[in-house]
Amino acid sequence: MARTPVTFTLNGISRSAFAGEGQNLLDFLRRDVGDMTPKFGCGQGTCGACTVTIDGKTQLSCLVLAQAVDGREVRTAAGLADGVTLDPLQQAFMDHFAAQCGYCTPGMLVSARALLDRNPRPSRDEVIEAISGNLCRCTGYEPIITAILAVAEGRARA
């Protein structure tokens with residue numbers, strides 16, 4: 001299988017790796033780059049476990065070819081914290097018990113961060129819409145929505 005060099009920015013750091021022909025971004029990030037935060041869920045773009053942002057827009061990494069990120073900026077849940085300092089959204093997920101099994105959490109965090117970056121004060125309906133592509137089988141969504149709104153309202157600890 002032919003491999004193509006891909007140079008991109010991952011969570012603020014320039015990265016280069018070789019991607020296989022037809023390899024999706026999810027597999028590339030996990031196997032070739034070592035970022036294990038995007039999760040494999042359905043492999044069909046319906047669960048949101050693999051959500052990342054590409055140039056600020058949420059994307060399902062299982063549906064994006066790795067070569068498509070050449071020269072672009074990719075952010076994953078691994079890029080939310082600043083060293084040992086959690087992003088307020090990560091802290092709010094902990095404070096509001098928004099992560100139970102944790103499998104959907106990276107995708108939820110990425111979707112929520114993308115929403116808050118473009119709209120720091122979203123309504124409840126806007127939060128629901130922003131995470132609508134992320135399935136969670138454990139929380140019932142209410143703690144997740146509460147955590148995101150807590151950050152938006154400035155009630156979350158930094």
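Against which helices do the buried residues of H5 pack? In this predicted model, local features require pLDDT of at least 70 and side-chain atom pairs count only at pLDDT 80 or more, whereas totals for chains, interfaces and linings use all residues. Residues are numbered from 1 along each chain as its sequence is written, and side-chain values use heavy atoms, with hydrogens and water left out.

The buried residues of H5 pack against H2, H3 and H4. Helices (H or I, at least four residues) and strands (E, at least two) are DSSP runs numbered from the N terminus; contact denotes heavy atoms within 4.5 Å. Nine of the eleven residues of H5 are buried, so this helix is largely enclosed by the rest of the structure. Buried means under 20% relative accessible area, exposed over 50%, and partly exposed in between, with a 1.4 Å probe and protein chains only. The buried positions of H5 are Pro 143, Ile 144, Ile 145, Ala 147, Ile 148, Leu 149, Ala 150, Val 151 and Ala 152. Just after H5, Gly 154 adopts a positive phi of about 75°.

The largest nonpolar core comprises 22 residues, and those with the most contacts inside it are Leu 89, Phe 93, Met 108, Ile 144 and Ile 148. At least two residues of this core are supplied by each of H2, H3, H4 (124–130) and H5 (142–152), and the largest share, seven residues, comes from H5. Apart from this core lies another, of 15 residues, among them Phe 8, Ala 19, Ile 54 and Val 64. A nonpolar core is a set of buried Ala, Val, Leu, Ile, Met, Phe, Trp, Tyr and Cys residues joined through side-chain atoms within 4.5 Å.

The axes of H3 and H5 are 11 Å apart and pack at an angle of about 35°. Axes are lines fitted to C-alpha atoms, for helices over the stretch in contact, and angles run from 0 to 180 degrees between N-to-C directions. In this contact, Met 108, Ala 112, Leu 115 and Leu 116 of H3 meet Ile 144, Ile 148, Val 151 and Ala 152 of H5. By class, the contact has eight nonpolar, no polar and no charged residues. Ala, Val, Leu, Ile, Met, Phe, Trp, Tyr, Cys and Pro count as nonpolar, Asp, Glu, Lys and Arg as charged, and the others, Gly among them, as polar.

Helices H2 (residues 88–95) and H3 (residues 105–118) have axes that come within 10 Å and cross at roughly 125°. H2 and H3 are therefore oblique to each other, a class holding the angles left over once those under 35 degrees (roughly parallel), over 145 (roughly antiparallel) and 65 to 115 (roughly perpendicular) are assigned. Leu 89, Gln 90 and Phe 93 of H2 meet Thr 105, Met 108, Leu 109, Ala 112, Arg 113 and Leu 116 of H3. This contact has six nonpolar, two polar and one charged residues.

Beyond its neighbours within four places in sequence, Met 108 is in contact with Phe 93, Ile 131, Asn 134, Leu 135, Cys 136, Tyr 141 and Ile 144. Tyr 141 is located in the loop between H4 and H5 and has a positive phi of about 75° although it is not a glycine. At 27% relative accessibility, Tyr 141 counts as partly exposed.
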